[in-house]
Amino acid sequence: MSEALESDASLLVVVLDINASAWARSALALDDALQQTIIFINAYLALKPSNQLVVLASTRQECRTLYPAEPNSPASSEDIRVYEQFRAADVAILSGVRALLSSASASADQAHDSDAEHSLISRALSKALCHINQMRSSTLDAVWPRVLVLSAGVDAAAEYISLMNGIFAAQRMGVLIDVCKAAGSGDSVFLQQAAEISGGVYLRVDARAGWSLLQTLLFSFLADHYTRRVLYLPGNERTDFRATCFCHKRIVDIGYVCSVCLSIFCRLAPVCSTCQTRFSIRSARAERPAANGVQSTARTISQQLSTTSTTSTLV
Amino acid sequence: MSASEEDFKSTIAEYLESLPEQFSRRVFSNPAACLAIFRLLSTVGKQLIMSMLYLESPIKLQEVQQWARPEHQRTVKSKVHQLRKLHILVEDRGQVLLNAIFREQLRNALTGGGDFSSFGTPCSDGNVRVPVTLAGLAKYADERWEKILHFMVGQSGGETGGVALSESVRRILLESKLMEAEGSKGMRITNSGFQFLLQDVGAQVWTVLLQYLRLAEKQEMDVVEVLNFLFQLVSLQLGRGYSTEALTRNQRKMLGELADFGLMYLDERGGGRFYPTHMVTSLTSAAGAGESAERDGRRPGDSGPLAGDESSSAGRGRANGSRALAASAKQRSSELLSPSDKGYIVVETNCRVYAYTDSPLQIAILNLFVHLVSRFSNFVTGVLTRSSVRRALSHGITADQMIAFLSTHAHPQMQGSTPVLPVTVTDQIRLWEKEKNSLHQTESFLYREFNGRPAFERVYRYAQELNVIQWASMERQLLLVSLQGHAMISEHTKKVKEQQEKQQRQQQQRVQQ
């Protein structure tokens, strides 16, 4: 793919993770975070008149497109102090988030307590990629797409596979995935990988340490493809490349890898659940004592793709 | 965005740079102006500003320069320098900070705080009997603008029914040297006028606005007021009526003059209101660029004019759900595509040009550098010939301008291929330009019919000493010398002749003796 020119427009898909229970525990209130995100979005729209924007919001229950708004959305209020282009986006985002939260709180009680902070990003990511694909096919001009995930919740191990598929799809499409972990204590392992693989930026905003979300957004996530070639951006220092096993959705340091389809398992299984390959248990067992129970190190996804080093044997 | 538009943006930036600091402070006091200025900056400059927008304390200049990747150090340095010239960035003992006023007002622009009416005062459309439609606005603007362009190409006699350009328009055309006065009342297009014609509308409007500023300066109007008002105008929303009540007298006068260019539509009924047209709103915002295409009726399935009371974003997409999304995505992309959307020119490898247009203006502009062969009801054909291109070149139009014009207006069918224009044609146009530039005219004198070989050689040697020979042929005894060389040589030959005559006379005397 050729390099971005200064005059090329960008297409930014913002994915807002508005999982209420995740935000409830964070030092930064959801309202403040939204306000700051909207300033960031206004700044993005101000950069270039041809810049395009899509905003998605994701709760535990559903994922909705907030902007471009559907035509039957409530009429915008007459606030003449705001630049018209900004207002349409701002109103759509705020009212959309409000509607989503109220519908989410109605069904929130059914959610399992332990999963309440899990955020389901894979759905939003695939929706974002669909938007990008659609806009790409409808224009001839060079538009450089990227996704910004404003994440709050904890990784849901259950969606590892679908998320990874989304990440690889983004990589193939040349879509950068930027991740701003705005709330929550730990890093998101999955999203770190998403940023790393697609060439985006992963940053965790630590509100307790006095980081400003807005400053981080404007400083690190506003730069388009062209600017990223000119300026340095805060990099991904350490990325946790651990994978999740396909059988129990646990994050594993060491596991088994199918030699045919590279699926990862935390326990030895006679048949690969993904590609139905039968393994020769005998030979695997024979090796086992020598390897002291360790069969294979789950390597980074990218390494896995290039080198197929496995010890599970094929019948 | 074409290169020419970039040029003009940089010139308006240059204009801002030339303002003294107290002036720019006053310009910055308006959020709309800050936003418009921000949009005129380079991408890197914008990123630098945004990085510092919410910083409260100054940071080291060195630190800013360390943001740049090594191979782009110089770019960033020059951008920082430009920001400082614009008084946006303030340097103090190696530390930099955004100008406090600019920072506050740009924040206001992004957050919607601050001055109440900086983005114009829209009026309610309750008491308007005849609502202004977007299509009507576009038609009005295009008619006005084309009338001026017509006037410039001298095609005004046709269906526009004689030219009645207002005094201010004439003055700006003269002032900007796009046209020059001829005789008592007539006007003639200049070389820069020809170049102007080939630019896209955005660049043309910027040129006019810049000239307007210069003129305002000459008339001793308050430049800051004019600037602020201009920046406010470019941030208005298309299709919305704005009240003229809060405006000062100067601003009303400006509105009237801008209306002559088709940048504004004035509605005097009911207290007075004005509507910005797509020509001014598309200067810094993408919304509205597609409206002219809509008027052309090239977008199928778009039903008629939209009512004026709808803002264009609300008026977009009447379908439901995902279809509306797709439609709005399409619409946005077609806004981006606006130049190609209107594309009508097909260029073949054999230099033939087919233009699907019936607009006399477009035909007249094509006629500047295409030899038009035949004209049909909906399209014209022509050939790019050496003489037609040379004629354009002699008007000061450059090869790049012709190529840019052809490629920005290329027919959608041609847009798919890269490069858009056949390489043979672009190369040929460039070659013709080179050919023309390779010929220099120098006034000179040709010496011929020398009186024998020794005479020629004597003059030749003398000219060689003076280094004034343009060209010479030993065999045919021809000598071409430059103008000042001629004076010296003729003096020299006179002297030689006199000497010869003296000698001859002496010889004759001797013979007689």
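Tutor: Gladly. Let us begin with pLDDT, the predictor's confidence in each residue, from 0 to 100. This is a predicted model, in which local features need pLDDT of at least 70 and side-chain atom pairs count only at pLDDT 80 or more, while totals for chains, interfaces and linings use all residues. Residues are numbered from 1 along each chain as its sequence is written, and chains are lettered from A and ligands numbered from 1 in the order in which they are written.

Student: In chain B, where is confidence lowest and where is it highest?

Tutor: The lowest mean, 33, belongs to helix α15 (residues 291-295) of chain B, and the highest, 93, to strand β12 (residues 380-383) of chain B. Helices (H or I, at least four residues) and strands (E, at least two) are DSSP runs, numbered from the N terminus. Chain B averages a pLDDT of 76, with 79% of the residues at 70 or above. For the complex, the predictor gives an ipTM of 0.76 and a pTM of 0.68.

Student: Why is α11(B) called roughly antiparallel to α12(B)?

Tutor: Axes are lines fitted to C-alpha atoms, for helices over the stretch in contact, and angles run from 0 to 180 degrees between N-to-C directions. Angles under 35 degrees count as roughly parallel, over 145 as roughly antiparallel, 65 to 115 as roughly perpendicular and the rest as oblique. The axes of α11 (residues 201-218) and α12 (residues 223-234) of chain B cross at roughly 155 degrees and come within 9 Å, so α11(B) is roughly antiparallel to α12(B).

Student: And what makes α3(B) and α12(B) roughly perpendicular?

Tutor: Helix α3 (residues 31-40) of chain B packs against α12(B) at about 75 degrees, with the axes 8 Å apart. That angle falls in the perpendicular range, hence the label. In this pair, B:A32, B:A33 and B:A36 of α3(B) meet B:L227, B:N228, B:F231, B:Q232 and B:V234 of α12(B); contact requires C-beta atoms, placed from the backbone, within 7 Å.

Conventions
Contact = placed C-beta atoms within 7 Å.
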